[in-house]
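Welcome, and have a look at the structure below.

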Amino acid sequence: MHKQAPLTAPHSRRHFLASSSMGIGSVALSWLLNHEQAQAKNPVARPELEKKVFDLKVKPTHHPARAKSMISMFMQGGPSHLDMFDPKPMLQKYDGKKFPGDIKYDNAAQASSKVLGTPWKFRKHGECGMELSELVPGLGEVVDDIVLMRSMHTGVNNHGQSIYAMHSGRILPGRPTLGSWLTYGLGSESENLPAYIAMVDPGGAPVLGVDNWTNGWLPSLYQGTVIRPKEPRILNLNAPPHLSGKAQEKYLDFLGQLNQRHLSQHPREDDLSARIASYELAAKMQTAATEALDLSQETLATQKMYGIDVPESAEFGKRCLIARRLIERGVRFVQIMTGNQHWDHHTSMRTSLPRTCKRVDVPSAGLVKDLKQRGLLDETLVHWGGEMGRLPVIQNDAGVAKQGRDHNTYGFTQWMAGGGLKSGMTYGETDDFGHHAIKDKVSHSDYHATLMHLFGLDAEQLTFTRNGAEQTLIDGQPSRIVHDIIA
């Protein structure tokens, strides 16, 4: 039993103020304010309080676009440009000798000043005569359709910072990735599939994990949707049998009514509206995604083109083929990731690099061939590359079998195809040892500005207001559109 408090119990000043805020005084004040607002003949507009609508409807471009969609094959870890794409006779001349200059090491403890000549032979391919090594024979078959950029650089000699630079424009975390900017600026041509899809490797997520496809501070509607590397590629896509059909339709209809009612009560909650949109999209995906991911519809010849008939390349080939099927169905941006540090060959490069190349070479080339024969390459940008290359000197000098190469972000190679680019072209140069880009340098900002231009967007005009400031992908950094590679 509790004793009843006396009716005349004393009140503190805090209690008085709290009770007044809930009492007749606050009601009167609220009425007066509403009455005054109702009588105002010309209420002042507050544009900063107006609700902004974020959706995936197709949006106009700043200028005519050359590309409509993009497939990025991101080779996380740092493919060795010196052993695959950028032949350097001086490496062979100085093989095993002291490097005649300064080297910026990332791992000084395992560093060596001895030059490492490439163990693999280079030869010319295609009508354009592009030189590639014997590690990438598949790419050699499509050189007349690609631009090989040998002068990439980010200048930050570590994986994380360089990944951030290549994906989101700065070396710091928390910013939206390229795929998020493109879907924010352009929307999607598919109503039944996500606009931005990330396809991860069965060997594990890449360095930085979800930061590779994050929306950053853009609304969550523009985050990449992950597709798993094995079946079921999308978890919980289909409803259990007792909830399928009419039962699910009624349930989703009722849920939609509740969500819209809640949204009307919280009109400025962008995350809420994005979550509602994701639920609606998930329902549509039950049929569309199942069909898009079904490779049994493809001919054996097509599957062979992607290397699916070979155990070493089958898995990556399937993801490349799925990527083509997705962009055919209106998906804007597809990101195919290799696993954590697959290309980070600090040691045992003579065995590990050929094995990694064999996984991706034929499927990557097959994607270009397939897009071209279907008439999709002209409007689809294809990208292949990582966050860095490798140094021209030996790392882990403990015998030939153990030798590798350290990081190099000062000059490396990537290739692109389609989407308004020239073909059969080699662009830019590194120095005689492949350490630094010295001619026609392409920074990560130049790369982003050029891609946005091909999609009909001005990278400085596509903005998002955050904390009162206009944010962009380039973020005020020096940048140029690389017009020389545009058809």
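In this predicted model, W384 is buried, because its relative accessible area of 3% falls under the 20% cut-off.

- W343 and W384 form an edge-to-face aromatic pair, at 5.7 Å centre to centre and 80° between the planes.
- This pair links distant parts of the chain: W384 sits in strand β9 (residues 380–385), and W343 in the loop between β8 (333–337) and α12 (349–373), 41 residues apart.

**Other aromatic pairs**
- The count comes to twelve aromatic pairs.
- One of them is stacked: W217 and F464, 6.0 Å centre to centre with 20° between the planes.
- W217 lies in the loop between β6 (196–199) and β7 (225–227) and F464 in strand β18 (residues 464–466), so their pair ties together parts that are 247 residues apart in sequence.
- Both partners are buried, W217 at 15% relative accessible area and F464 at 10%.
- Ring pairs join W217 and F464 with F54, W181, Y184 and Y222 in a cluster.

**The chain overall**
- There are 13 helices and 19 strands, and 50% of the 487 residues are buried.
- Among contacts with a separation of 6 or more, 78% come from residues 24 or more positions apart.

**Confidence**
- The average pLDDT is 87, and 82% of the residues score at least 70.
- Residues 1–9 stay under 50 and have zero contacts beyond four places in sequence.

Conventions:
Residues are numbered from 1 along each chain as its sequence is written. This is a predicted model: local features need pLDDT of at least 70, side-chain atom pairs count only at pLDDT 80 or more; totals for chains, interfaces and linings use all residues. Side-chain values use heavy atoms; hydrogens and water are left out. pLDDT is the predictor's confidence in each residue, from 0 to 100. Contact means heavy atoms within 4.5 Å. Helices (H or I, at least four residues) and strands (E, at least two) are DSSP runs, numbered from the N terminus. Buried means under 20% relative accessible area, exposed over 50%, partly exposed in between (1.4 Å probe, protein chains only). Rings of Phe, Tyr and Trp (its six-membered ring) pair if their centres lie within 6.5 Å; planes under 30 degrees apart count as stacked, over 60 as edge-to-face and the rest as tilted.
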